[in-house]
Amino acid sequence: MYIIIYDFGTSSVKTCLFNIDSEIQLVASAAAGYGLYILEDGGAEQDTKEWWEALCSTTHELFAKSDVKPEEIEGMAFCSQMQGAVFVDENGLSLRRPMNYLDQRGVREYKACMGSGFIKVSGCNLYKLARNLIVNYAASTSAKDPVWKYKWVENNEPDVFKKIYKWLDVGDYLVSRCTGRIIRTADSAFATFLYDTRKGREGWNKGLLKMYKVRPKHMPDIIDCTDMAGRLTKKAASELGLIEGIPVFGGGGDTSFVNIGAGCVDPGDTHIYVGTSGWVSTFLDHQTVVRQKGIFQLLRGAGNGRQVL
């Protein structure tokens, strides 16, 4: 069985063709870059046209490098950079250039919300911090977090904001571009810190949406990373050089999946990641937080485990 996986990073996409049998074999690979536009006001943006052109060129290159035919592909998925902000209309078209996770223009919005109040912990409003910790053992404590990108657009680009149909992360946008279905994966949803991880309550937390003044109508339906998001549309297939109807799976974020790739799949396994960003993470089978040491947990998109970052 042949599948295509896209490793969609900060500055380039690494596209891989695998054969899955008794073992997983890499058949062919290709890479292409795209821009990261750093602005004087702290902005960091990218271009969806460049993203798509990189996906198309690398997909075509796979078949030039192998004997595999497009009709032999049985599935595809993305592993993508996280905590970006892509605002789309009802047709899934981006309303502005996506805001990369490095974008920190939301400093004023962050301080106005989390820096207010008389009682604070590490500079954060204790009440708001506690509400987050109860719901998902994490909180938005950096101006680079996605919710402040959302609030920055609301405050600074009202004409764009009023056209928003849904708010997506990078991988979710790519899935939508391929399938026409606008969704978020569970790990992408959690990375907004608006997701409820409590058993039986999984999903967007209404209380947190209200606290941060995020409009519920902007939040997409949520699927698991292992779910089939949809099938490749005729238009996307034509541009990618593939066959219409190929199953496209939810996939997930790089932070979610890197532990699996590093072989850290049992509680206590730890690894160090060094890339455009870097972290140390340990796989746990429970949720936890150590605020004074800046340690939070990230919901992994598949299985019952948790990663502590």
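Let's begin where two helices meet: α2, covering residues 107–114, packs against α4, covering residues 146–156, at an angle of about 105 degrees. Their axes lie 8 Å apart. Angles of 65 to 115 degrees count as roughly perpendicular, so α2 is roughly perpendicular to α4. Keep in mind as you look that this is a predicted model.

Which residues make the contact between the two helices? From α2 come E109, Y110, C113 and M114, while α4 brings W148, K151, W152, N155 and N156.

How many cavities of 30 Å³ or more does a search of the whole structure find? The search finds one, and the largest cavity holds about 80 Å³ of space. Its lining is made of 15 residues, and the closest to the centre are G171, D172, T185, G252 and G253.

Several elements come together around this space. Strand β6 (73–80), helix α6 (170–179), helix α7 (186–190) and strand β17 (252–253) each supply at least two residues of the lining. Which of them gives the most? That is α6, with three residues.

Next, find P267, which sits in the loop between α10 (254–261) and β18 (270–274). Which residues does P267 touch, leaving aside those up to four places away in sequence? The partners are F283 and D285. For a sense of distance, compare P267 with R215: the two are 52 residues apart in sequence, and their C-alpha atoms are 37 Å apart in space.

The average pLDDT is 90, and 93% of the residues score at least 70. Where does pLDDT stay under 50? That happens over residues 300–309. For this stretch the model still has 46 contacts beyond four places in sequence, so please read those contacts together with the pLDDT, the predictor's confidence in each residue.

Notes. Residues numbered from 1 in each chain as written. Predicted model: local features only at pLDDT ≥ 70, side-chain atom pairs only at ≥ 80, totals over all residues. Heavy atoms only, no water. Axes fitted to C-alpha atoms, helices over the stretch in contact; angles between N-to-C directions. Helix = DSSP H or I, 4+ residues; strand = E, 2+ residues; numbered from the N terminus. Parallel < 35°, antiparallel > 145°, perpendicular 65-115°, else oblique. Contact = heavy atoms within 4.5 Å. 1 Å grid on protein atoms, 1.4 Å probe; cavity = no way out; pocket = protein on both sides within 12 Å on 5 of 7 lines; lining within 4 Å. Points joined across faces, edges and corners; volume = space filled by probe spheres on them. pLDDT = per-residue confidence, 0-100.
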